[in-house]
Structure formats: C-alpha cells, structure tokens
Amino acid sequence: MRGLLTSSIGITCAAALALPPAVLNVPSAAAAPAELTTTTTLQGGTQSLPLTPRTRERVLGRAPEQGVYSTDVQHFSLVGVIWDNPGTELDGRVQVRTRAAATGRWSGWQDVETRNADHGADPGTAEAASGRVHGATAPLWVGDSNGVDVRVRAGEGKAGGDGDGDAVDVGPGGGPSTGGPDPLPTGLRLELVTPGAPGGPGGPGDESPLDGPPPLGLPADGPSVDGPSVDGPSVDGPSAGGAGTADDASADVNAGLAPVDATEIPALNREDTELELEELTGVDVSRGKPYIGPRPKIVTRRGWGADESLREKGFVYTGKIKAAFVHHTASGNGYRCSEAPSVIRSIYRYHVVSMGWRDIGYNFLVDKCGTIYEGRAGGVTKAVRGAHTLGFNNDSMGIAVIGTYGSHQPSSAAVTAVAKLTAWKLGLFGANPKGKTYLKSGGGNLYPKGKNVRLNVISGHRDGYATECPGAKLYAKLGSARTSSARLQGR
C-alpha cells in the first residue's frame, strides 16, 4: 500500500502533519502566496509548493519565470520540480538555493538537471500508463535545510546541463535548441523531500539529522500485503514465516542469499559464487569453469531503510539480463558516504511519491565510496524490470552512481564497484561485459519502437537515449569498467 500523501497524486496518509500555509515570496516576485501541502511519515515526507509567476521579470521583457521562496517549511534534504504532463519537456533553466538548518546560511544558486524524461518506464507499460506519472527534473541533494528559493525560467541556456558546471543549451530530446523559449509546463511544483528514519530497524549507520528510531508505540512500517502486478510476470506475497508485509515480501525474494532481516547480502568468494550459480540456474559448473565474478557485498533495501509501503504491490520481471546501463543520479556530489542511505531514501520517495513511479527506477545504486545498494525490489539475482533507460528497460538492468559526473571525476571505488557488480550479475545470465548484444527498442528519441539495436553489454544511458547521462566523466570510465568486469569473470 502506498503510505503517502501529496496533492499532486491525491493519496492520503494517516500520519500526515499539516504545516501552516504561510509562504513568503522574494521581494522581486509579485506572486500570490503559495499553498504548502505537506506529507510526513516516520520514514520521511514530501512538502509540495506550487510555483507562481514572477511578474516583474515579464515587465522587464525577460523570459517568463516562475518561482517560490519560503522559510516556513519543515526540514528537508532533497529538492526537485515536477509538473503535470510527463510528455512535456521543461525547455528552460531551474535554479535553487537553500538555507542550511545548522548554520542559517543560504547556499549559492545551484542548477537542477531539467532533462529527466530519459529515465522512466517504457511506453505502453502499466507503469507508464498509470495516470500517476508526472514530468520532473532530476532530484538534487542539498543536505539538511529549512529554507528554499527556486526560480524556473523558460528558454535559458542551461536546460540540458547536469548540475556541475558543464550545462549546454539543448532542445527537446537532447538536440540543440533551435528557437525561442517554449511556455513553461503547467502545474509546476517544488518538491521538498525529507529522508526520514530508516524503514527497518538495524540499518547501517546514517548521519542524517532527521534519522532516528520511531517514537515508542508507533510501528516503523504499516501492514501491507503485496499481490501480483498487472504488468507482465510478477511474483509477490506474504512471507512464509512472517506477517505478510511488503517488507517481508521484498526480503523473501532474496531468500537463500541472506536472512529476511539482513541489512546486507554478504560477499562470496569465487568458489562459493560458482556453487550459487549452479543452484540458481542449474548450470553444471563441473563441466567447465563458468564466466562469473565473485558476488560483491550488497546493502539490502532493509539496509538502506526503504519504506516498503510506498512502492506498488508486486514485482515486475523481464526475460533476462542482456545488458547493463550505467547512470548518474545527477543529484550532486555534496554528500558524505554515511549519508548515502538517506540520499537513496530521498530519491526513492521522489521517484514514487513525486514522479508517480511504482518503485525507485534503478536496479542498483553505487555511492562514491564503492558501496553497492539494492534498488528496485524483486530480488538481486532476478531480471527485475526497472525504469532507468526509456525504451530499453526490458532485458537490462540500471546501475546509478550517486552523484553528478559531467565535469566531476567519479571515484575509482565507484568505478570498481560497477565492475564487480556487472561481473557477477551479468555472469548469472551468461553475458560478456566486453561483448555486444541486441536489445529491442520500446521507443525513444534515438531509436524507434521495435528496432533491434546493437549495444555494448555495459552501456551508458546515452547509448540508448540522447541524454547527458551518465555524465561525460563517468561515461569515459566505462571502457575501464568493461575490461575489469570481464577480467573478474575470468575472461
């Protein structure tokens, strides 16, 4: 069950706390006071503020601009802007500055990546056609804050940037901008996301000032029994030995790898990984050495504190894993590794509550210290269909490195983690990390629906869709990742 509330998707939550509606406007913005809609649960919350026109800029003959300024909000750590129609591009520039809760100081203006439609469920799937999906910018991690100022201006030159200084002027679909500014999308809202406390007890250390155990007498997770999805093959249901909650179901699909209450799936050596491969696939490893890398340690959804009541019921699977698409989250690099679980919880909430997806879009995430995290629920060894590479979510997996890597170099630990993860997961499906494969396009701005496309087994997001993702610096490291991954497989 979705335990959440936002006015944009009309879902209620019994734990919601109302904030006063007073919202202040910057002196230069002659906009009406904005109504503030707030959702708070033990596992986090979303505050949603409608953007309003700033008429002074129009009088001065500048591009149409909308914005909102408020110091009357609860603490938040991640921001993003959403709008009504997911098929509408925001042809413009989004900038935000925030007030740090600890010091009261305002940050400088930061660009928010606006080209985010390249992530998402494939056209024609139940997830894409749910009626809950919104257009959205990428999320931006800002740390513990209690004040915000955002401005959205049509037709500005940083529409296609990735938030770390190398933005370019692009038009819809990632190509060069060719004309004047298009009108801003309707229903622009600023989303302020609080990561909240981990959804399950005993999670990894987390330094977010908003995190902590739930108050006595209140459950960390409400009951939610999962059932089958209507979109393709799906398995989910009550735990064999538990209460049948969504948390049980999410953990049960990793049974055999770790206990249900485990916060991590431990690493295995090569010999044990090969034995596991035999158990999972029936491959007789005695007949020849299989090409598979040792299983790396993976922090489970319970480990990073997923509130399982947020996601849709059931798990949706694809046929196999033939390729891995590497992404960056475009959420900025100003996080500590100890904060990575909070960042993931915030992205998860943004994807589900604000954007309307069934779950977090990525199958796995990697932080800059090289820790690997389970992403979309359904089982780390299984072919779970994600919402990461529009048009190519079938027969693939998405790995997101947390951060922004247009002009910022990814850490060697993160690149090594990508190599370890792909060596193992691709090995489960017999895929060669240095090889090529064919995927059928579900429709996008590079390849029409139905076209068989030859891609690297380890590809960047931009190989399947015209986008800046995963950033130029991370994309340049994929050759090294392919080589290392193949070597770990024993090739």
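A salt bridge is taken here as a side-chain nitrogen of Lys or Arg lying within 4 Å of a carboxyl oxygen of Asp or Glu. The model is predicted, and local features therefore need a pLDDT of at least 70 while side-chain atom pairs count only at pLDDT 80 or more, although totals for chains, interfaces and linings use all residues. Residues are numbered from 1 along each chain as its sequence is written, and side-chain values rest on heavy atoms, with hydrogens and water left out.

In total, 16 salt bridges are found in the structure. In one of these, Asp-149 pairs with Arg-54, and the closest N and O atoms are 3.3 Å apart. This pair connects distant parts of the chain, since Asp-149 belongs to strand S9 (residues 140-154) and Arg-54 to the loop between strand S3 (52-53) and helix H1 (55-59), 95 residues apart; helices (H or I, at least four residues) and strands (E, at least two) are DSSP runs numbered from the N terminus. Asp-149 is buried because its relative accessibility is 2%, and Arg-54, at 4%, is buried as well, where buried means under 20% relative accessible area, exposed over 50% and partly exposed in between (1.4 Å probe, protein chains only).

A further salt bridge joins Arg-295 to Glu-276, with 2.4 Å between the closest N and O atoms. Here too the pair links distant parts of the chain, with Arg-295 in the loop between helix H3 (270-281) and strand S12 (298-299) and Glu-276 in helix H3, 19 residues apart; both residues are buried. The side chains of Arg-301 and Glu-308 also meet in a salt bridge, at 2.9 Å from N to O. Arg-301 has a relative accessible area of 1% and is therefore buried, and Glu-308, likewise with 1%, is buried. Through shared partners, salt bridges join Arg-54, Glu-65, Arg-97, Asp-149 and Arg-153 into one network.

The search of the whole structure finds one disulfide, defined as a pair of cysteine sulfur atoms within 2.5 Å. The disulfide is formed by Cys-337 and Cys-369, whose sulfur atoms are 2.0 Å apart. The torsion about their S-S bond is about 90°, so the disulfide is right-handed. Cys-337 lies in the loop between strand S13 (323-328) and helix H5 (340-354), whereas Cys-369 lies in the loop between strand S14 (364-366) and strand S15 (372-374), 32 residues apart. Cys-369 is partly exposed, with a relative accessible area of 49%.
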